[in-house]
Structure formats: structure tokens, C-alpha cells
Amino acid sequence: MAAVEDIVIAGAGLAGLATALGLHRKGVRSLVLESSATLRASGYAFTTWTNAFRALDALGVGDKIREHHLLYDRLVAFSASTGEAAAKLSLKMQGKSGPHEIRCVKRNFLLETLENELPEGTIRYSSKIVAIEEEGNVKLLHMADGSTIRANVLVGCDGVNSVVAKWLGLPKPILSGRSATRGMAEYPDGHGFGPEILQFIGQGFRSGVLPCSDTSVYWNYTWYPSPKDDGDAEESVAKMRQYVLTKLKGAKIPAEALDVIERSEMSDVVSSPLRFRSPLALVRGSISRGNVCVAGDAFHPMTPELGQGGCAALEDGVVLARCLSEAFVGAGNDGGHACVTAALERYAEERRWRAIRLVTAAYVVGFVQQSSNVAIKFLREKFLSGLLAKLMVDMADFDCGKL
């Protein structure tokens with residue numbers, strides 16, 4: 001009979017690696033199972049807000065990320081209808097617990113940084129869980145290659161289509177009605193953009209241009225697909241790029257922003273429908289049960305308008321590592337089932353309402369920013385753009401605490 005692993009983490013994404021590193025910092029070993037053959041860096045980059053940097057600092061890698069990514073001074077939201085700035089917001093303001101800090105971080109750089117801090121052998125690649133059974137308090141993890149792994153604790157960080165979330169009984173994420181595509185442009189001689197987030201909002205879409213460094217610029221585009229859209233756009237990167245450029249050229253988008261898209265590298269996954277877990281499902285659902293829990297997109301998939309999906313995953317990792325390590329370290333804590341169950345219940349209690357607020361706010365912001373309704377369009381361009389920009393910053397003014 002195979003030995004029992006104390007803690008198994010399904011998925012080597014942001015939540016999984018943050019949890020593993022947090023546990024490692026506390027002297028607790030874990031095994032991370034990643035279904036892919038290598039680290040997956042889909043999405044190119046993500047907006048890393050103040051709350052994420054507090055989590056990265058807790059994990060001991062914040063300064064390594066700062067060294068390679070620009071610090072933003074402000075956010076500017078433009079009306080796609082008029083080309084005028086509908087909102088300008090300084091990002092140098094003080095939050096409730098310190099100054100704000102926002103950068104656009106390359107996903108592969110962050111994942112590799114987290115991986116490099118872990119002991120060799122922590123991540124086992126090409127290891128996909130296909131089914132979960134129980135043997136008393138031990139979880140039997142049936143793998144795609146036919147093998148079985150036995151675990152005292154199972155943490156599901158296995159994404160939107162999580163096997164662990166399904167085992168816990170969480171409902172499937174639902175479609176938002178919006179889709180997204182994205183890319184990264186490289187400028188070996190410098191791009192000329194300032195340290196600011198540029199957003200273009202309205203006419204049924206939302207687009208952003210975000211410099212990562214002096215030579216790299218990330219862009220994203222979300223929209224409501226309709227029967228009038230060119231269905232062939234989904235067939236290839238070239239057709240999707242042309243679709244996005246046609247939409248943006250029809251609006252008042254500056255030439256330098258269009259150039260980012262024209263010269264960028266795009267994923268083979270041309271576009272993806274945006275899904276989120278219903279806030280009601282998070283109110284009622286089981287985030288943890290016994291010695292099993294979920295984190296990251298397996299817990300709270302959300303639409304990208306707040307830029308908080310990856311940030312919240314890092315928060316999850318810190319809180320989960322803090323709670324779970326308490327079950328293994330310290331007087332009277334032996335990693336037994338009762339200790340683990342209590343630890344995961346504390347984690348779920350701490351994270352549930354934070355996740356509900358983020359998922360709800362992201363959906364509402366996206367709906368308002370991309371709506372073509374005449375009344376909402378008027379309110380957005382006159383009043384709401386500034387309020388929505390401030391909401392994005394306010395939601396990032398959060399500290400998940402230390403390990």
C-alpha cells in the first residue's frame with residue numbers, strides 16, 4: 001500500500017504554488033500535482049494590485065517581482081464613443097493600511113519565481129486527478145495514468161473545471177455572456193507608454209493597455225458576442241486579431257494602442273468565454289469539508305473587470321497556509337483529522353465573504369463598463385466611470401495578513 005501524503009495540492013497555478021510556498025515557509029511539506037507537463041502561464045500577465053503585493057510580501061517574494069515590473073502612477077478610463085478621458089484616478093494614494101501599489105506582472109515570471117522558492121520535487125508534473133474516493137479519513141486520488149495517491153489533506157487549486165470543487169458539491173461556474181482575448185507586445189527599443197493603466201470602455205466592449213516593463217505591454221479585450229459578430233474570428237489568431245482591431249478602429253482608440261495589438265503575440269486559445277461562480281453558490285456551498293478545501297479559481301472564478309482573480313488566489317494561498325500550518329505545527333497540533341478540519345473551517349470562514357464581494361463587484365463593473373444601454377452609457381460617461389475606477393482601487397485595499 002502506497003504511503004500517505006500529508007498534504008496534496010491539486011494544481012500548480014497561483015493559488016497552488018502560493019499555498020505550497022506558504023506551507024514551506026512554515027516548515028510544512030506538501031506535494032503539488034500539476035496536470036500539465038510544465039507550468040502553465042495562460043493569460044500572459046495580470047494586474048497585480050496592492051492586496052496581491054501584501055500577499056507576495058508575506059510569502060517573501062514581493063521584491064523579486066517589483067524589480068522587473070513598472071509601478072503605475074494613475075489609471076485613465078477613456079470613452080470609446082468620444083475618445084475623451086471619462087475618469088482619471090491617481091494610484092499614488094494612501095489606503096487604509098498603507099500606500100497603494102499596482103503593477104502588471106507577467107504570469108510566467110511570477111509562477112517561476114514561486115516555483116524556484118520551493119524544495120526540489122514539490123511539484124509533480126503530468127499528474128491529473130480524475131476521481132476522488134474516501135478510505136476512512138484518507139482521500140484516494142485516482143490519477144489519469146492509472147496510479148493512486150493517498151492524501152490526509154486535499155487542497156483543490158485545479159481551476160474553473162475543478163475536480164475537487166465538484167467533489168465538494170459546488171455548482172459549476174456559470175457563463176457571464178462575455179468573452180475575452182488578450183496578448184503581449186514586445187518593444188526591444190522601448191514602447192513610450194507612461195506608467196499608467198489605459199482603459200477604453202463602451203460600445204459593448206472593454207479594452208485595456210498595461211505596460212509590464214520598459215519593453216513589454218500587455219493588452220486585453222472583453223466583449224459581448226452577438227449573432228452579428230464574425231463567427232470565423234474564433235478560428236485563428238490572425239482572424240481574432242483582425243476582429244479586435246476592426247472593433248477598436250470603429251471606436252476612438254489612439255493609434256499607439258492599436259499598434260500594441262497589431263504587433264503582439266497571442267495565445268493559441270483564441271478567446272475564452274468568461275465564467276464566474278454565483279455569489280449565492282458561495283454563500284450556501286461547501287468551500288471545505290473535513291480534510292478537503294478549494295482555493296483560487298476552483299473556489300471563486302470571477303470575471304476580469306476588477307483584475308482581482310489572480311490577486312485573490314494569492315490571498316487564498318497565504319490564509320490557507322497560515323490556517324493549515326497551525327494544524328501541523330505547535331503544541332497539541334499533530335496534523336490529525338480534527339485539527340485539519342478545524343483549520344480548513346477557519347480558512348473557509350475567513351475567505352467566504354471576501355470572495356463573494358469580489359465576484360459580485362467584478363460582474364457589476366463589467367456589466368456597467370460594457371453596456372450599450374443608452375441610460376447606462378450616459379451615466380457611465382458622466383458619473384460612473386470615476387466611481388468604478390475608485391471601486392477597483394478600494395477592493396484592492398485589503399491585507400490578508402502574515403503567515
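In the predicted model, helix α1 crosses helix α4 in a left-handed sense. Two packed helices are described by the angle between their axes and the distance between the axes. For α1, which spans residues 14–25, and α4, which spans residues 107–116, the angle is about 25° and the axes lie 9 Å apart. The two helices are therefore roughly parallel to each other, since angles under 35 degrees fall in that class.

The contact is formed on the α1 side by L14, L17, A18 and L21, which meet R107, L110, L111, L114 and E115 of α4. By residue class, the contact of α1 with α4 comprises 7 nonpolar and 2 charged residues, with no polar ones.

The cysteines were examined next. A disulfide is a covalent bond between the sulfur atoms of two cysteines. A search of the whole structure returned 0 disulfides. C104 takes part in no disulfide, and the nearest cysteine sulfur, belonging to C212, is 3.6 Å away; a pair counts as a disulfide when the sulfur atoms are within 2.5 Å. C104 has a relative accessible area of 0% and is therefore buried, the limit for that class being under 20%.

For C293, the closest cysteine sulfur is that of C157, at 7.1 Å, which is too far for a bond. C293 likewise counts as buried, because its relative accessibility is 0%.

Terms used
Residues numbered from 1 in each chain as written. Predicted model: local features only at pLDDT ≥ 70, side-chain atom pairs only at ≥ 80, totals over all residues. Heavy atoms only, no water. Axes fitted to C-alpha atoms, helices over the stretch in contact; angles between N-to-C directions. Helix = DSSP H or I, 4+ residues; strand = E, 2+ residues; numbered from the N terminus. Parallel < 35°, antiparallel > 145°, perpendicular 65-115°, else oblique. Left-handed = near helix turned anticlockwise from the far one by under 90°. Contact = heavy atoms within 4.5 Å. Nonpolar A, V, L, I, M, F, W, Y, C, P; charged D, E, K, R; others polar. Buried < 20%, exposed > 50% of the residue type's maximum accessible area, 1.4 Å probe, protein only.
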